[in-house]
Amino acid sequence: MLKANSLTKNFNSNIALNSVSLSVSQGEIYCLLGANGAGKTTLINHFLGFLKPTSGEVLVNGKCVTSNPLDTKRDIAYIPENVMLYGVLTGLENLEYFSALATGRKKPRDVLRKLLADVGLPAEAAERRVATYSKGMRQKVGITIAMAKNAKALLLDEPTSGLDPKAANEFSRLLKTASENGVAVFTTTHDLFHAKETGNRIGIMRSGSLLAEFNSDDVSHADMESIYLKNMRD
Amino acid sequence: MTWLIVTREVREFYRDGRFLFGAGLVAVLFITAFLVGYEQRQNVFSEREVAQQLDYDDWINQPERHPHDAAHQGMHVFKPIPPLSFVDPGITNYVGSTQWLKAHRQTEVKFRPAQDATGLQRFGSLTPAWVIQVLGPLLIIVLGFNSFSGEREQGTLRQLISLGVPSWKLLRGKALALFLGAFLLIAPLLLFSVWAVSGDDLAGSRHDTLIRSGFLVLGYLVYLGIFIFVTLAVSALTATSRISLIVLLAFWIIGTTLAPRALVDVARMVYPIPNQAEFNTQLNQELQREYAEAWQEHFGTDKRWGSDVPLSRWGEALRVDDYAGYDAIDRHFGALWDRYEDQRRLQEFFGLLFPMLSIRSYSMAMSATDFTHHRDFATSAEDHRRLIQDLISSNLTQHADGHGERHFDYKVGKEFWSKVPRFEYAAPAAFFALQGSLNSLGVLLASLLISIAFAFWSSRNLI
């Protein structure tokens with residue numbers, strides 16, 4: 001579903017991505033680990049078509065992102081580290097707007113209210129302006145927007161950072177449900193524990209290169225930590 | 001989908017208070033300007049009607065006397081006030097509205113360039129046209145400067161684009177939302193015009209006024225449309241809304257205050273115009289030459305009104321003299337007036353850079369208060385003067401020249417006075433205004449197309 005083929009991106013003389021190849025298939029949850037500046041967000045921006053590869057290619061559902069920028073976006077839903085919403089609109093109005101733009105038709109408000117309740121946003125908050133929301137509440141609206149799109153792939157850029165443990169846990173469950181429905185999930189994170197719990201496949205990235213890739217079932221927590229630290233040290 | 005974007009934009013304008021505050025302020029100014037203008041017009045209108053009537057009564061009731069004496073006293077004609085002058089008074093206040101029709105000369109119409117030009121841009125005469133021309137763009141800028149740049153700062157633009165929304169759809173939605181704002185600004189103009197015209201029996205041809213109002217609204221929508229797309233383009237190109245606001249305000253200040261003044265001077269340099277003293281001197285010299293030539297040809301002498309021509313030919317001499325003057329007058333005033341039109345056209349072309357220069361001219365033309373309309377009136381008045389002159393000279397030729405030396409004992413009374421018709425002037429129809437505005441309208445439409453293209457180009461890659 002999501003595929004990068006020896007993707008390289010240079011910003012002037014800086015190499016942001018160095019011949020990265022990876023793929024996420026339907027129903028798979030791929031967790032990309034790496035420190036700040038490793039190139040995780042740059043990789044996501046390529047899947048979104050916000051950046052153009054210096055060499056190599058990125059495919060969504062078999063289609064090249066560079067040549068089909070709009071088509072490929074229809075198949076993915078994106079949740080950034082900080083979900084950005086319109087402050088003067090309520091959570092419900094934000095959801096209504098974004099989901100209608102994503103799918104091309106407006107959903108009834110009751111359906112939208114139910115979706116917000118499902119991710120744990122209090123009913124009272126849904127009718128308040130987003131300007132008054134905490135980060136966690138905004139993330140929840142963002143998740144709902146992504147879910148409402150019914151996309152074939154989810155792209156998440158450190159989605160749980162700033163969420164309390166309970167919310168993070170609920171969030172992991174949502175991802176699992178999505179993958180059970182055949183959605184390909186690609187998420188970046190710093191959180192080894194979270195990656196091991198939710199991910200099927202785990203990749204470790206450093207300075208623009210994908211250094212290791214393994215199935216989460218094949219390693220224990222302790223193994224994973226040592227693999228991660230070993231790769232960070234070199 | 002487009003409607004969705006429009007509603008969200010409008011909801012945001014409304015909720016953050018910008019629209020209520022900005023549009024409310026503009027609307028209050030607009031309505032004030034409108035009412036003041038309308039009130040003034042009503043007053044002046046009735047004064048003029050009365051004066052025109054009194055003047056003609058004086059003509060009819062003058063005592064028996066020699067017709068040429070009456071011609072020296074002459075007649076006054078008053079320029080009717082165009083129904084839409086309260087929307088855009090144009091040059092009304094800077095050119096004469098009364099013309100004295102007297103023997104021998106077309107009277108001076110106040111066409112001093114200083115009045116014609118700088119007066120037009122006087123900042124601060126509160127008229128509906130000024131409100132739309134100057135504050136309209138400002139309102140558009142205030143509503144639209146952060147359309148894209150604000151969303152970019154907020155991060156919502158990324159979110160939108162990641163959904164797969166094509167940028168041109170966003171642009172279209174945002175433009176429509178701003179058009180809605182522009183329309184709310186112009187709608188009162190339309191409503192007031194219809195109301196003012198339908199309840200007003202002084203207004204002349206209502207049908208014509210409606211057509212003119214329609215074109216006026218159309219022109220202003222094009223004008224504001226240019227600002228809408230420029231605003232969106234700048235907003236798409238600039239990194240932050242602060243920068244877009246600065247860029248747009250700079251464009252606004254230059255376009256609505258500096259450029260209109262500067263271009264008047266440029267036009268005067270390119271098409272210089274004699275001052276009034278020079279103009280009169282040249283006209284006099286030319287007249288003397290023409291007179292001398294005509295007298296030489298008809299009477300064998302270049303001395304006007306001398307003893308060489310007997311009084312039995314005085315009526316005939318008057319006619320020859322008059323006709324010799326007509327040509328010189330036509331040439332001189334014609335050349336001067338053509339220069340004014342050249343100046344106007346030059347300014348209109350600069351409307352490609354600063355749309356106010358073309359809308360100003362277009363708006364005046366549609367309100368029938370521009371120079372072309374004034375020229376039409378002045379020409380009509382001069383025609384009427386010639387009609388009086390010709391009636392008098394042919395009457396003298398027929399009746400007085402036979403009296404020989406006692407030519408000046410000839411007198412006429414009411415019967416002759418009433419042969420001179422009342423001056424009936426109907427302002428030209430909307431079609432005339434449109435013909436004269438092809439240039440300004442063309443420039444406005446071209447600017448709109450360019451700004452649309454610019455906006456689509458600027459927003460092709462929004463991240």
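Tutor: One term before we start: two strands count as paired if DSSP finds at least two bridges between them. And keep in mind that this is a predicted model.
Student: Fine. How many bridges does β1(A) make with β4 of chain A, and in which sense, parallel or antiparallel?
Tutor: Five bridges, antiparallel. β4(A) covers residues 55–60.
Student: Which residue is the bridge partner of A:Ala4 in β4(A)?
Tutor: A:Val58.
Student: And what joins β4(A) to β5 of chain A?
Tutor: Two bridges, with the strands running antiparallel. β5(A) is residues 63–64. There, A:Lys63 is the bridge partner of A:Val60.
Student: How many residues sit between the strands in that hairpin?
Tutor: Two. A:Asn61, in this hairpin, takes a positive phi near 55°.
Student: Which other Asn in chain A has a positive phi?
Tutor: A:Asn12 is one, at about 50°. A:Asn150 is another, at about 55°. Most residues other than glycine have a negative phi.
Student: Where does A:Asn12 lie?
Tutor: In the loop between β1(A), 2–11, and β2(A), 14–24.
Student: Is A:Asn12 buried or exposed?
Tutor: Exposed, because A:Asn12 has 4 other C-beta atoms within 10 Å, and 12 or fewer counts as exposed.
Student: And where is A:Asn150?
Tutor: In the loop between α6(A), 135–148, and β7(A), 153–157. A:Asn150 has 13 other C-beta atoms within 10 Å, so A:Asn150 is partly exposed.
Student: Switching to domains. What does the assignment give for chain A?
Tutor: Domain 1 is 1–75 + 153–170 + 182–234, and domain 2 is 82–150. Their C-alpha centres lie 26 Å apart.
Student: How many residues does each domain of chain A give to the contact?
Tutor: Seven from domain 1 and five from domain 2. On the domain 1 side, four are nonpolar, one is polar and two are charged.
Student: Now the chains. How many residues of chain B are in contact with chain A?
Tutor: 18, against 18 residues of chain A.
Student: Which elements of chain B give two or more residues to that side?
Tutor: α1(B), 2–15, and α7(B), 156–162. α1(B) gives the most, with five residues.
Student: What is the make-up of that side of chain B by class?
Tutor: Seven nonpolar, six polar and five charged.

Definitions and conventions. Residues numbered from 1 in each chain as written. Chains lettered and ligands numbered in written order. Predicted model: local features only at pLDDT ≥ 70, side-chain atom pairs only at ≥ 80, totals over all residues. Contact = placed C-beta atoms within 7 Å. Helix = DSSP H or I, 4+ residues; strand = E, 2+ residues; numbered from the N terminus. Nonpolar A, V, L, I, M, F, W, Y, C, P; charged D, E, K, R; others polar. Domains from an automatic or database assignment. Buried ≥ 20, exposed ≤ 12 C-beta atoms within 10 Å, placed from the backbone.
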